[in-house]
Amino acid sequence: MRRLWTVLLIFALTGTGVLARGRKNKQPVTVYIDHGAMISTRSLSLALALAHDMFAPAGVDLKWRPGRPELEPGDIVIQITSNTPASLHPDALAYARPFDGVHVRIFYDRVAKMGDVRLAPRVLAHVMVHEITHNLQGIDHHSTDGVMKAIGRLKTSQAWRASRFRSIHRTWS
Ligand SMILES: [Zn+2]
């Protein structure tokens with residue numbers, strides 16, 4: 001696991017994962033999606049595919065599974081919800097629990113309001129990668145740029161303009 005954390009830390013700090021490119025033996029990470037949000041199957045599928053591809057250069061092979069199962073050590077559960085109360089982590093799109101390393105919750109209603117509806121799967125993928133990285137690292141470290149830039153406590157209208165997101169996403173593609 002230490003090796004995986006090191007790779008992920010480099011990945012997070014550089015924002016590109018260039019140092020990890022070319023790894024042949026990928027580390028599988030099973031991620032369960034437990035969602036009750038109003039999100040189309042098409043959008044969710046696209047987000048999962050993008051998030052998978054964003055992790056690939058770091059040598060991580062995300063295995064998506066539905067529901068809330070009996071968890072094995074190292075598994076992650078992402079809960080995607082709507083109707084987020086305004087008082088719950090105001091301005092955050094999601095939160096992870098890096099110190100239990102398992103649970104992530106994404107506020108999809110806030111993600112969907114980030115801009116053009118066609119960008120929602122890309123924003124969702126970015127948020128997934130950010131929060132999964134927190135859990136895999138076991139720390140709440142943020143970088144100044146790239147996918148591990150803080151996404152909470154920012155004015156969402158400023159921090160997540162579509163143009164800003166496109167530039168972040170280009171870094172990863
Ligand atoms: Zn974060």
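These questions and answers walk through one predicted model. Residues are numbered from 1 along each chain as its sequence is written. Because the model is predicted, local features need pLDDT of at least 70 and side-chain atom pairs count only at pLDDT 80 or more, while totals for chains, interfaces and linings use all residues.

User: In what order do the elements of the chain run from the N terminus on?
Analyst: Helices (H or I, at least four residues) and strands (E, at least two) are DSSP runs, numbered from the N terminus. The chain has six helices and five strands. From the N terminus on, the order is α-β-α-β-β-β-β-α-α-α-α.

User: What percentage of the 173 residues of the chain count as buried?
Analyst: Buried means that 20 or more other C-beta atoms lie within 10 Å of a residue's own; exposed means 12 or fewer, and partly exposed is in between, with C-beta atoms placed from the backbone. Of the 173 residues, the buried share is 32%.

User: Are helices H2 and H4 parallel or oblique to each other?
Analyst: Axes are lines fitted to C-alpha atoms, for helices over the stretch in contact, and angles run from 0 to 180 degrees between N-to-C directions. The axes of H2 (residues 41-55) and H4 (residues 120-137) come within 8 Å and cross at roughly 45°. Angles under 35 degrees count as roughly parallel, over 145 as roughly antiparallel, 65 to 115 as roughly perpendicular and the rest as oblique. H2 and H4 are therefore oblique.

User: How many nonpolar residues are in the contact of H2 with H4?
Analyst: Two residues are in contact if their C-beta atoms, placed from the backbone, lie within 7 Å. On the H2 side, the residues include Leu46, Leu50 and Met54; on the H4 side, they include Arg122, Leu124 and Met128. Ala, Val, Leu, Ile, Met, Phe, Trp, Tyr, Cys and Pro count as nonpolar, Asp, Glu, Lys and Arg as charged, and the others, Gly among them, as polar. By class, this contact has one polar residue, one charged residue and, as nonpolar, 12.

User: How far apart in space are valine 77 and valine 31, C-alpha to C-alpha?
Analyst: Valine 77 sits in strand S3. Valine 77 is buried, because 20 other C-beta atoms lie within 10 Å. Along the sequence, valine 77 and valine 31 are 46 residues apart, yet their C-alpha separation is 5.6 Å.

User: Which residues is isoleucine 132 in contact with, leaving aside its neighbours within four places in sequence?
Analyst: Isoleucine 132 belongs to helix H4. Isoleucine 132 counts as buried because it has 22 C-beta neighbours inside 10 Å. Leaving aside neighbours within four places in sequence, its contacts are Val31, Ile76 and Val104.

User: Is asparagine 83 buried or exposed?
Analyst: Asparagine 83 lies in the loop between S3 and S4. Its phi is near 55°, a positive value in a residue other than glycine. Asparagine 83 has 10 C-beta neighbours inside 10 Å, so it counts as exposed.
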